[in-house]
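Me: I'd like to walk through this model with you, one question at a time. Could you start with any term we need?

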Amino acid sequence: MAEITRVPLQPIAKGSLTKLWLGVAGAIALGAGLAWAAVPAGVSVETVQAGTGAFPGEKDVLFVKYTGKLADGTVFDEWSPPPIPVEGFFPEGSPLFMGNVVPGFREGAMQMQKGGKYTLEIPASLAYGDAPPPGSSVPPGADLTFEVELIEFMSEEDFQRRLQALQQVMQMQQERQGGAPGGQPGAPQMPPSGPPPQ
């Protein structure tokens with residue numbers, strides 16, 4: 001048999017195996033670093049004043065006082081008191097449905113507690129991205145900052161029940177102002193019912 005296919009093995013130089021393993025480890029670390037860099041940064045939640053109690057869930061309704069700002073400090077949104085009296089039915093603050101807020105706000109809100117004040121830093125990828133709402137002063141690709149005070153939160157079912165009770169009271173008040181059926185405007189009326197059961 002001829003020895004044409006035989007290849008002599010050369011001895012490995014001292015330290016070469018270590019260099020080979022270091023090279024492989026470096027390539028793995030570089031690949032992991034590139035993969036990590038491709039994943040968008042998450043939401044940063046800074047506690048300005050700690051709250052207490054439970055954390056809101058993904059389907060809750062928040063009552064918050066908030067100010068939304070762009071990176072240059074321009075205010076693009078902020079809470080305002082509701083145009084109708086809601087005392088006894090709802091807490092102070094703007095109601096926000098967790099299902100209707102940008103993903104970054106929802107992620108940050110689930111780390112807040114009642115009575116606390118927080119600063120949320122939301123990257124564009126978890127805010128409006130390249131498609132802000134029409135007519136909005138938020139430019140495409142904008143990172144957002146929210147200063148938030150979480151007054152209270154409740155389930156959507158509780159919110160809807162309280163809303164129905166408020167609507168009934170408002171309807172009764174409108175009927176009184178126009179007079180009871182068959183009665184005269186300004187005629188004595190029954191006092192309004194109290195707030196909904198808690």
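Reply: Happy to! Helices here are DSSP runs of H or I with at least four residues, numbered from the N terminus. Keep in mind that this is a predicted model.

Me: Good. How many residues apart are Arg 162 and Asp 158 in helix H3?

Reply: Both residues belong to helix H3, and about one turn of the helix lies between them. An α-helix has 3.6 residues a turn, so residues three or four places apart point the same way.

Me: Is Arg 162 buried or exposed?

Reply: The cut-off for buried is under 20% relative accessible area. Arg 162 has 8% relative accessibility, while Arg 161 has 36% and counts as partly exposed. Because its value falls under the cut-off, Arg 162 is buried.

Me: Which strands do the buried residues of H3 pack against?

Reply: The buried residues of H3 include Phe 159, Ala 165, Leu 166 and Val 169. Phe 159 is in contact with Val 61, a residue of strand S2. The strands that the buried residues pack against are S2, S4 and S6.

Me: What separates the C-alpha atoms of Val 61 and Glu 152?

Reply: Val 61 is buried, at 0% relative accessibility. Its contacts include Glu 152, Phe 153 and Met 154. Along the chain, Val 61 and Glu 152 are 91 residues apart, but their C-alpha atoms are separated by 8.6 Å.

Me: Which side chain meets Glu 152 in a salt bridge?

Reply: The N to O distance in this salt bridge is 3.6 Å. The pair links distant parts of the chain, with Glu 152 in strand S6 and its partner 38 residues apart from it, in the loop between helix H2 and strand S5. Glu 152 is partly exposed, at 24% relative accessibility. The partner side chain is that of Lys 114.

Me: Last one: which residue takes a positive phi in the hairpin of S2 and S3?

Reply: S2 and S3 pair in the antiparallel sense over three bridges. Among the partners, Gly 68 is bridged to Asp 77. Four residues lie between the strands of the hairpin, and the one with phi near 95° is Gly 73.

Technical notes: Residues numbered from 1 in each chain as written. Predicted model: local features only at pLDDT ≥ 70, side-chain atom pairs only at ≥ 80, totals over all residues. Heavy atoms only, no water. Buried < 20%, exposed > 50% of the residue type's maximum accessible area, 1.4 Å probe, protein only. Helix = DSSP H or I, 4+ residues; strand = E, 2+ residues; numbered from the N terminus. Contact = heavy atoms within 4.5 Å. Pairing = 2+ DSSP bridges. Salt bridge = Lys/Arg side-chain N within 4 Å of Asp/Glu carboxyl O.
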